[in-house]
Amino acid sequence: MSNAKTKMNKVRNIGIIAHVDAGKTTTSERILYYTGKTHRIGSVDDGTTVTDWMDQERERGITIVSAAITAEWDGHVINIIDTPGHIDFTAEVQRCLRVLDGGIVVFDAVQGVEPQSETVWRQSDGYKVPRICFINKMDRVGADFDRAVQMIADRLGANPVKMQLPMGAEDLFAGVVDLLTMQAITWQDKLGAQREYSDIPAELMEAAQAARSEMIEKISETDDDLMEMYLEGEEPTLEQLKVALRKACIANDINPVFCGTALKNKGVQPVLDAVIDYLPSPLDVPAVKGTIPRTEDEIERKPSDNEPLAALAFKLVTDPYMGKLTYFRVYSGVIEQGTRIENTSKGKKERVGRLIRMYADRREEVKSVGAGDIAAVLGFKHTFTGDTLSDSDNQIVLESIDFPEPVISISVEPKSSSDLDKMGEALHKLAEEDPTFKVESDESGQTIISGMGELHLEILVDRMMREFNVQANIGTPRVSYREAMTKAVEKVDLRYKKQSGGRGQFAHVTLSMEPGEPGTGITFENKIVGGSIPREFIPSVESGARAAAESGVLAGYPVTDVAIVLYDGSYHDVDSSQMAFELAGSMAFKDGFKRGKPVLQEPMMKLDVTIPEEYLGDIMGDLSSRRGNIAGMTQMGNAQVVQAIAPLSEMFGYSSDLRSRTQGRGVFTMEFDSYGEVPRNIADEILKGSNS
Ligand SMILES: Nc1nc2c(ncn2[C@@H]2O[C@H](COP(=O)(O)OP(=O)(O)OP(=O)(O)O)[C@@H](O)[C@H]2O)c(=O)[nH]1
Ligand SMILES: [Mg+2]
């Protein structure tokens, strides 16, 4: 058991993020090899990597769940999280960005900025995560470093600064020119473990000097002292440049860019150096903010072991050997093995069991985990993703993690009665790990599971069958519809009255309802003055309305984005009760909703379809027959990229259809865009189906 604690300025918590297949896992694997914790390099293509450890990941060569691994480099501890690129697993990126301090964004040197890199870039903007860029796959035919960097500036609106120039490209890619030290770095050994430094080849000298001037200019633009020197024609020292660059990168003003090929083992160590040099330590990020439970007062916790504990659980994993692991990030204070701490989100105490740090080749038990660190704990009972852990005497609740709502669902039916129980337990466990996976039963008692896309559900069903040994029949996917109102209703006046023998029931509410901003859900505001409805009944009105929204009014799909204002009503001294007001709230909601020109909405997806020119006409025709709207087109080399918005319900099975239409040459990505109104004739069909 280790006890040594790394100084906080020597810790880096970083994520590797990018579009599908950019080479995140391959890069992570090299990092683990060079930092000396694995004895051989694992391969995505052979299914032998450390971070892609699940069967489904290894068989398919894709990352599905994020994995957090600790590595050591140059006297620093780096906690690295390798994230999935596929949009169905976007929640994995979301939760990681929430607890990370910095990111390595990997780009394919041929493709440059792909749609999903754009998505994760914007997500990182949201969390203000400083990033360095790695242009990977410089060995591929068509690799173009300058074009990729230009795309980072144009498409992402970023400020990329080239820190290197590639030496050659494709087959001839040999290494990089380091523009800070003006030397060439090559990798001659097969595994790329040794960097060899030499003079810059004569034919690259001019380009290197020009790129260096540009780099100095861009760094100087972020720093007054350097700007002054620059204007006076003075050359800053290496140290001055690095200090200014670190500051600018942490402030998100600059994204330093590096290049190489992870697969061919070239270019990874300079990226590791850059993680240390330019990405923030936990001390460089602002103090974490939270609220005191009950009073809701805002407080801050500084990154220090001496502050009271504030930590965030961001991931649950059922480890085949150890059981349920809860990953957490400590913002302040210390978590110690054997102590009791408070889950302030749930209001429950947890006992801290074994504390585990994951390395590529081993798991290490530690006695305590301090501020700024990431680790996992065994034995938690009540803690889920997004929960805050804190000191019982000094409680704080941190902001939880937002996850997108599922857009697609399928029915699962156990094959035998013994499968029935197992299935319930399996789905429950899988849903605990994955906040974007939901399990429900519909009116007929059938189990419905929902998730982010076809691949997401396919993987979960596969895990259910293999890990939990459940046999089940799977229905065809259908989209998650929603109900929404489109017109405001100023006055809903509902009087609920029942007289049946003894004590009667009475509740009277007056409220207004209007369509809320997209994404606001159901909001409820109480504007009652003068006690026309007594205080203790108001929460009942709200919960009645919310329950009605959840179970749907038109066809049983959840109602979303409605702003309710309760402004009047009346009560009866004897006959009014919480139950009566709850019923009145529910009935008023249904009544108001029906009068607010309700519509059915469906998930609309943003598509990027990349195809050889000759298929353009056919593909566009097909997209419009799927109710797709073409939003734009761009030429990429000799391919066309078509951007479109189309309803998810029309896109099932698109990947195989596209493949057969283009003889396997077309590829596409699809992600959730927004909810859109279902056209009248189609809505009628759906409503008919659901009411029959
Ligand atoms: N030519 C070439 N291929 C590479 C390079 N790096 C990775 N690849 C290949 O690209 C494919 C995808 O690599 P991964 O490392 O799994 O990519 P990823 O970004 O982790 O993918 P997801 O986790 O599924 O999003 C694999 O077949 C790799 O062998 C590289 O530098 N050059
Ligand atoms: Mg991967």
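Biologist: Hi! What sort of model is this, and how are residues numbered?

Modeller: It is a predicted model, where local features need pLDDT of at least 70 and side-chain atom pairs count only at pLDDT 80 or more, while totals for chains, interfaces and linings use all residues. Residues are numbered from 1 along each chain as its sequence is written, chains are lettered from A and ligands numbered from 1 in the order in which they are written, and side-chain values use heavy atoms, with hydrogens and water left out.

Biologist: Thanks! Which residues coordinate the magnesium ion?

Modeller: Thr 25 and Thr 63 coordinate the magnesium ion (ligand 2), each through OG1, at 1.9 to 2.0 Å. Donors are N, O and S atoms within 2.8 Å of the metal (3.2 Å for Na, K and Ca); water is not among the atoms, so sites may look incomplete.

Biologist: And where in the chain is that pair?

Modeller: Thr 25 is in helix H1 (residues 24–34), and Thr 63 is in the loop between helix H2 (55–60) and E2, 38 residues apart. Helices (H or I, at least four residues) and strands (E, at least two) are DSSP runs, numbered from the N terminus.

Biologist: Is Thr 25 buried or exposed?

Modeller: Thr 25 counts as buried because its relative accessibility is 6%. Thr 63, at 9%, counts as buried too. Buried means under 20% relative accessible area, exposed over 50%, partly exposed in between (1.4 Å probe, protein chains only).

Biologist: Switching topic: which residues touch the most other members of the largest nonpolar core?

Modeller: Ile 104, Phe 107, Ile 132 and Ile 135 do, out of 79 residues in that core. Helix H9 (residues 268–278) gives the largest share, seven residues. Apart from this core lies another, of 41 residues, including Leu 607 and Tyr 675. A nonpolar core is a set of buried Ala, Val, Leu, Ile, Met, Phe, Trp, Tyr and Cys residues joined through side-chain atoms within 4.5 Å.

Biologist: Nice. How many cavities of 30 Å³ or more are there?

Modeller: There are four. On a 1 Å grid over the protein atoms alone, a cavity is a set of points where a 1.4 Å probe fits but cannot get out, and lining residues have an atom within 4 Å of a point.

Biologist: What lines the largest one?

Modeller: The largest cavity has 20 lining residues, with Ile 64, Val 65, Glu 92, Asp 434 and Arg 463 nearest its centre. H11 gives the most to this lining, four residues.

Note on methods:
On a 1 Å grid over the protein atoms alone, a cavity is a set of points where a 1.4 Å probe fits but cannot get out, and a pocket is an open set with protein on both sides within 12 Å along at least five of seven lines; lining residues have an atom within 4 Å of a point. Grid points are joined across faces, edges and corners, and a volume is the space filled by probe spheres set on the points.
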